[in-house]
Amino acid sequence: ESPIPSNIPSPTPTQIPSIAPSKYPTFLPSTVSKGQRRNNLLNTIIPISGGEELQDLNSYQHEAIHWILHVDPMHRNVTVVHDELRLIQRYILAAFYYATGGDNWFNCGGGHNNN
């Protein structure tokens, strides 16, 4: 193998550390079951949103929890809820997105100029 780093990803994981830092974060496969991840998430979020809203399948709170559990790459592959503050921030931003009809947004930028 060449000692010079390559910009082309390898087809399989390497067993030795890379020379340079990764351009993008990598995630280890989760060792926590989906049920335990769900329980960890709910234990963190219920004090913020309440349990009733999270159980309502039509609520933006439920949509935010569903996104974190099933779509969000930052949460799907973690082994533990290691950063509660970040999880809470992600939940609040996802809840805001769904509460304001984010799936129907035409423009997500700031400002008042429509040009």
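Tutor: Rings of Phe, Tyr and Trp (its six-membered ring) count as a pair if their centres lie within 6.5 Å, and a pair is stacked with planes under 30 degrees apart, edge-to-face over 60 and tilted for the rest. This is a predicted model, where local features need pLDDT of at least 70, side-chain atom pairs count only at pLDDT 80 or more, and totals for chains, interfaces and linings use all residues. Residues are numbered from 1 along each chain as its sequence is written, and side-chain values use heavy atoms, with hydrogens and water left out.

Student: How many aromatic pairs are there by this rule?

Tutor: The count comes to 2. Tyr 97 and Tyr 98 form an edge-to-face pair, at 5.1 Å centre to centre with 90 degrees between the planes.

Student: And why is the pair of Tyr 97 and Trp 105 edge-to-face?

Tutor: Their ring centres are 5.0 Å apart and the planes stand at 70 degrees, so that pair is edge-to-face.

Student: Is Tyr 98 buried or exposed?

Tutor: Tyr 98 counts as buried, at 19% relative accessibility, where buried means under 20% relative accessible area, exposed over 50% and partly exposed in between (1.4 Å probe, protein chains only). Tyr 97 is partly exposed at 26%, and Trp 105 is partly exposed at 33%.

Student: New topic: what does the side chain of Ser 49 make a polar contact with?

Tutor: It is the side chain of Tyr 91, at 2.4 Å; a polar contact is a pair of N or O atoms within 3.5 Å, where within protein one must be able to donate a hydrogen and the other to accept it, and residues adjacent in sequence count only if both atoms are side-chain atoms. Ser 49 itself is buried, at 16% relative accessibility.
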